[in-house]
Amino acid sequence: MSAGTLQRVQVPGEPGPARRSRPRRVARRLGALVAVSVALGVVVLGVGWAHTPSVDDAAARVAAHLAENDAPALQVEPAPAFVQALLATEDAGFASHPGVSPTGAVRAFWGLLSGTDQGGSTLVQQLAKNLYLDGENGPVQKAEAVLLALELDATYSKDDVLRMYLDNGYYGHGFVGLTAATEGYFGVSPDQLSWAQSTLLAGLFQAPTAYDPLVHPDLAAQRQAHVLDRLVDEGVLSRDQADTIAAEDWGLVRS
């Protein structure tokens, strides 16, 4: 045996080298995989951030969208009931997160790697998608929406982001923007919405055409029930209050 070999000759009767247990080997390999994934994520984030377009024109894009649809901009503060219902349903952590939730960012990154839709978009990510990604919702677009959402949150106040989201939203029945929706559905301005109207309207964002209360009132009522459940879960309403609101008339304007 040559002197340069790495293999050591075992003396008869001498105990062999200790072997690592299988759980320890698996743990080390998983740790290495996590470290590589994190490093790759940092690289992707850095490269993506460098190529992410500026969001300085976000408000101008919203204004152009309203003008294109001949829709009025929001001029008053929306009813607190509506804001609470919207955030409880769409993004309960809106006031505290930096545009994305940690778990949502991980899901978006995993969606990019796996080619699957992982869901979990925040309100800011939804705004980014609609303003800059033509509403596309594939795994790559979700990853881009994470970067854009971080930039939107860093550039604008929470109130400004929420206002843009409400103005840019589609509420079904041809209504673009919150003002057009409240006037079109209920004949009132956004600051006059009741709890029943607020919880109905907040439920439309997921599928505004499917939940159009003038066309599909039964589906709209089911979606409103989900919004009320979320408000109960968040401690905004009691179960009795939610049940009372669910029984109230929406006050729809019928042509």
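Biologist: Is Thr-89 buried or exposed in this model?

Modeller: The model is a predicted one, and in it Thr-89 has its place in helix α3, which covers residues 80–90. Its relative accessible area is 15%, and since a residue counts as buried under 20%, Thr-89 is buried.

Biologist: Which residue has its backbone oxygen 2.8 Å from a polar atom of the side chain of Thr-89?

Modeller: Leaving aside residues up to four places away in sequence, Thr-89 touches Arg-223, His-226, Val-227 and Arg-230. The backbone oxygen at 2.8 Å from a polar atom of the Thr-89 side chain, however, belongs to Ala-85.

Biologist: How are helices α9 and α10 oriented where they pack?

Modeller: Helix α9 (residues 195–202) and helix α10 (residues 217–233) pack with their axes 8 Å apart and at an angle of about 105°. Because angles of 65 to 115 degrees count as such, α9 is placed relative to α10 as roughly perpendicular.

Biologist: How many nonpolar residues are there in the contact of α9 with α10?

Modeller: On the α9 side the contact is made by Trp-195, Ala-196, Thr-199, Leu-200 and Ala-202, and on the α10 side by Ala-220, Gln-224, Val-227, Leu-228 and Leu-231. By class, no residue there is charged and two are polar, while the number of nonpolar residues is eight.

Terms used. Residues numbered from 1 in each chain as written. Predicted model: local features only at pLDDT ≥ 70, side-chain atom pairs only at ≥ 80, totals over all residues. Heavy atoms only, no water. Axes fitted to C-alpha atoms, helices over the stretch in contact; angles between N-to-C directions. Helix = DSSP H or I, 4+ residues; strand = E, 2+ residues; numbered from the N terminus. Parallel < 35°, antiparallel > 145°, perpendicular 65-115°, else oblique. Contact = heavy atoms within 4.5 Å. Nonpolar A, V, L, I, M, F, W, Y, C, P; charged D, E, K, R; others polar. Buried < 20%, exposed > 50% of the residue type's maximum accessible area, 1.4 Å probe, protein only. Polar contact = N/O pair within 3.5 Å; in protein donor to acceptor, adjacent residues only side chain to side chain.
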